[in-house]
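Please keep the sequence and the model in view while reading.

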Amino acid sequence: MHWIETYPKGMVNEGLTTIGVNGSTGTYYTGGILVNIEGNRFLDECVWDDAVRNTGLKAQPDSYMFEIFTDKILEDTQGTLRGAYDSFKEGGAYRSRLIEANSIEELAQKLNINVENFKATVEKYNKAVIACLLSFGVCH
C-alpha cells in the first residue's frame, strides 16, 4: 500500500470510486477515543497534529481505526472547528455510517474487534478521565 499524506481517516465516497470523504466525526476533540482493529487505543487523541495521527495510524494493523464516542460526545462537537456534528447527527448525510450499540461488548462484536481488549481500553480511559476530573474538583 502506498501512502499520500493528506488526512488520516476517510471513507469511500458512495458513487465515486476516485474521491474519498473525510470520515472523521471530530469526536476525539470532545472525549471520543481512537482504537485499532485489536480494540486498543493507540495515541493521545488531543494531539492536533495530523502528521502525528498519520504516523500512529500507519503503525496500526491494516492501518485501520475506529472513532469511539457516545451521543453526548457527538453533540459536544457542535460549533467546534473540527466537529462534523451536522453530517453525523440524526438525519445527517453520514449518519448511516455510524455503528451504534447498547453496550461496549455489543459494539466490539459489531466492529469485529477483540471484546476483552476493547472493554479494558474503554475502562482504563474512563478511569483516567474520572481521576483527572476528581483532581480538579469537578466530580463529587
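Leu111 is buried, since its relative accessible area is 12% (buried means under 20%, exposed over 50% and partly exposed in between, with a 1.4 Å probe and protein chains only). Leu111 sits in helix α4, where helices are DSSP runs of H or I with at least four residues and strands are runs of E with at least two, numbered from the N terminus. Not counting residues up to four places away in sequence, Leu111 touches Phe66, Ile68 and Ile99, contact being heavy atoms within 4.5 Å. The C-alpha atoms of Leu111 and Glu100, which are 11 residues apart along the chain, are separated by 9.8 Å.

The model is predicted, so local features need pLDDT of at least 70 and side-chain atom pairs count only at pLDDT 80 or more, while totals for chains, interfaces and linings use all residues. Residues are numbered from 1 along each chain as its sequence is written, and side-chain values use heavy atoms, with hydrogens and water left out.

The relative accessibilities of three further residues are listed here.

| Residue | Relative accessibility | Class |
|---|---|---|
| Tyr64 | 44% | partly exposed |
| Phe66 | 14% | buried |
| Thr121 | 10% | buried |

The structure holds 1 aromatic pair. The rings of Tyr64 and Phe66 have centres 5.3 Å apart and planes at 65°, so they count as edge-to-face (ring centres must lie within 6.5 Å; planes under 30 degrees apart are stacked, over 60 edge-to-face and the rest tilted).

Strand β3 (residues 33-36) is covered on both faces, with Ile33 and Val35 buried on one side and Leu34 and Asn36 buried on the other. Strand β3 runs antiparallel to strand β4 (residues 65-68), and 4 bridges join them, where pairing requires at least two DSSP bridges. Within this pairing, Val35 stands opposite Phe66.

The largest nonpolar core has 11 residues, including Val35, Phe66, Leu111 and Phe118; such a core is a set of buried Ala, Val, Leu, Ile, Met, Phe, Trp, Tyr and Cys residues joined through side-chain atoms within 4.5 Å. At least two residues of this core come from each of β3, β4, α4 (104-111) and α5. Apart from this core lies another of 7 residues, among them Leu34 and Met65.

Thr121 belongs to helix α5 (residues 115-135). Leaving aside neighbours within four places in sequence, Thr121 is in contact with Ile33, Val35, Gly39, Asn40 and Arg41. A polar atom of the Thr121 side chain lies 2.8 Å from the backbone oxygen of Gly39.

Conventions: A polar contact is a pair of N or O atoms within 3.5 Å; within protein, one must be able to donate a hydrogen and the other to accept it, and residues adjacent in sequence count only if both atoms are side-chain atoms. Rings of Phe, Tyr and Trp (its six-membered ring) pair if their centres lie within 6.5 Å; planes under 30 degrees apart count as stacked, over 60 as edge-to-face and the rest as tilted.
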